[in-house]
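Morning, everyone. Please have a look at the structure on the screen, and then I'll walk you through a few parts of it.

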Amino acid sequence: MISLVLETLRRRPARALLSALGTAVGVATIVALLGVTDGLKQTAGGLVRLGAGDIGLFQKNVSDPSASVLPAGLAARLKRVPDIADATPIQLLIEALPQNPAAVVFGVEPRGFVAQRLVFLQGGPARRAREVAVGDGLAGQLKLRPGSTLRISRRAFRLTGVYHTGILFEDQGAIVSLADAQGITGRPQDATTISVQLGEGVHRRTAEQAIERRFPGLTAIGTPEEAARAGANGTLISKAALVIVVLALIIGAISVANTMLLSVVERRGEFAVMAAVGWSGPQVAGVVLAEGVAISVLGAGIGLLLGAVGSRLLVHALGVQAFVTPVISASVLLEGLLVGLTIGIVGGLYPAWRATRLPPAPVLAGR
Amino acid sequence: MLDGVSLHLDPGEFVGLTGSSGSGKSTLLNIIGGLDRPDSGSVTVNGLDLTALRRPVAYRREVVGFVFQSHHLLPTLSVQQNVELPLVAAHVHRRERVRRARALIEKAGLAGRERADLAELSGGERQRVAIARALVHEPLLLLADEPTAALDEATAERVLEILEEARRERGMTMLAVTYDPALIGRTQRMLRLQDGALSELPAPAASTSGGPR
């Protein structure tokens, strides 16, 4: 039966390819979306790991972690909690660099562990007011080097050094003193987040729960998954992705069903002959379903390729490559493939049933 | 269309059927072949009451073979794949399918054309493929609707030899709608359908009975 299905597809390549393209578009959409969503999760995870902290603390129930507002003095109180080895406030400045609006500027305490852990490729840390250190990614983009002047929110900063941390946000951004960042926001007592270093041997999840109990207005984030869930925007993106996946599935299945149904109508004589020579209903249905699945597997293959390439093009087209790098993992590809197969099976069910209901005698008589 | 038709075929018998256009010949074949159901009455083949079956799939797969008026081959499949169709339905092992199909293709004078597209075949060659398909699962009963129509004399003769050989070797019963004198000459008796009623033609009339297409 498999050879029969493949032979039929081989001899009708144009129809097979056009049908496969319907599935490919659905699968490509899904792969691109899942890849970008995973990339966003990874980016969100970078927020947690600012300054290589174990936990990031944010204001509870904000639309996005970057919109969080916390009293900077909270860091001192946190340091007194037994499980916490160190804590330091960070102020995020979004769209503060006119040369690269996607870059994030971090205001950190010069003596805090975030500033102390920076590894410099050129020059050294920003120790005084109106000094800035930049990540190697940003330095490369804007062709900056120690001694250059960088304008942050219309204020001139002298560049002291270029660092590399391996955290996308930091390497694509810049670091100034917390006081300078607070001055730019006009909120001298506030910070966006507090990065926490846990004591040795402390269980992360247990510490997170203890902090949230002790400081009810805080959300403790320790993993990329928690970071993605923490902000309403992240949740919204995940839900939107899910809705689009379901829509792609439905549209893909309808497309395959339509093509297969046309195929059944066009080939009703063939199915009538098969019934006349002893093919059972399930056997005839199996041929139609197998054709649908074969077309969908072909479409899924094309879709996986389109999705992987398309997600990168999409990120570049939107100019958000500093924030998001699509993650096309094996699980994303597997999900795309599964969606493609589901499209083939679901889309083929009704045409398969129709093929089994054809009465052989009138069809063979041309009625 | 058919009214009060009563027909008995003995095992191994070769019976011809004639009648005017629209007299119900194809309907009678379809009913006997399990492709259609009578409004009333019964059809028993080899002890099996077809009218008691909801879908006589196994009967069509194992007992009966069809040669249609227009050969009804699957255009996307090769000669070999078309002939194998009934064996695929019966889940016959691939090696055995190939062996049996090739043997019949050779008998039909199409050796070496197993992989050919149907588009490459003449009308007579296609009809021989259709006959090979009808015989490949070794049916007890062969129903043929004008199997030699539109064939040249030599091809028709070859087709008749294949059918006759299958009947002789396996005791296959044959019922064929025909106006072809060559085929009529080989039948053991001829029947005529007229206004839905079946009658037997006397032997001399059989060989001269023509009819409309």
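Let's start with a term. Two strands pair if DSSP finds at least two bridges between them. Helices (H or I, at least four residues) and strands (E, at least two) are themselves DSSP runs, numbered from the N terminus.

Now some housekeeping. This is a predicted model, where local features need pLDDT of at least 70, side-chain atom pairs count only at pLDDT 80 or more, and totals for chains, interfaces and linings use all residues. Residues are numbered from 1 along each chain as its sequence is written, while chains are lettered from A and ligands numbered from 1 in the order in which they are written.

First, pairing in chain A. Take strand E1(A), residues 55-59. Four bridges join E1(A) to strand E12(A), residues 218-221, and the two run antiparallel. In that pair, A:Phe58 stands opposite A:Thr219. E1(A) also pairs with strand E11(A), residues 193-198, over three bridges, in the antiparallel sense. There, A:Ile55 has A:Val196 as its bridge partner.

Is E1(A) mostly covered or mostly open? Mostly covered: four of its five residues are buried. Buried means 20 or more other C-beta atoms within 10 Å of the residue's own; exposed means 12 or fewer; partly exposed is in between; and C-beta atoms are placed from the backbone.

Of its 367 residues, 49% count as buried. Next, contacts. Two residues are in contact if their C-beta atoms, placed from the backbone, lie within 7 Å. Of the contacts in chain A with a separation of 6 or more, 82% come from residues 24 or more positions apart.

Here is one residue of chain A. A:Ala240 lies in helix H10(A), residues 232-266. Why is A:Ala240 exposed? Because it has 12 other C-beta atoms within 10 Å. A:Thr37 is 203 residues from A:Ala240 in sequence, yet 9.9 Å from it in space, C-alpha to C-alpha.

On to helix H13(A), residues 330-356. The expected span of a helix is 1.5 Å times one less than its number of residues. So the 27 residues of H13(A) should span 39 Å, and the end C-alpha atoms are 38 Å apart, which agrees. Still, H13(A) bends by about 40° at A:Leu349, and A:Pro351, a proline, follows within four residues. That bend is the angle between axes fitted to the seven residues ending there and the seven starting there. Buried residues of H13(A) include A:Gly340, A:Gly344 and A:Pro351.

Now chain B. Helix H5(B), residues 123-135, reaches 19 Å from first C-alpha to last, close to the 18 Å expected. Ten of its 13 residues are buried. Among them are B:Val129 and B:Leu135. What covers them includes helix H3(B), helix H4(B) and strand E5(B).

B:Tyr179 sits in the loop between strand E6(B) and helix H7(B). It counts as partly exposed, because it has 17 C-beta neighbours inside 10 Å.

Last, where the chains meet. 20 residues of chain A are in contact with 20 residues of chain B. On the chain A side, helices H1(A), H11(A) and H14(A) each give two or more residues. Which gives the most? H11(A), with five residues.

That's it from me. Thanks.
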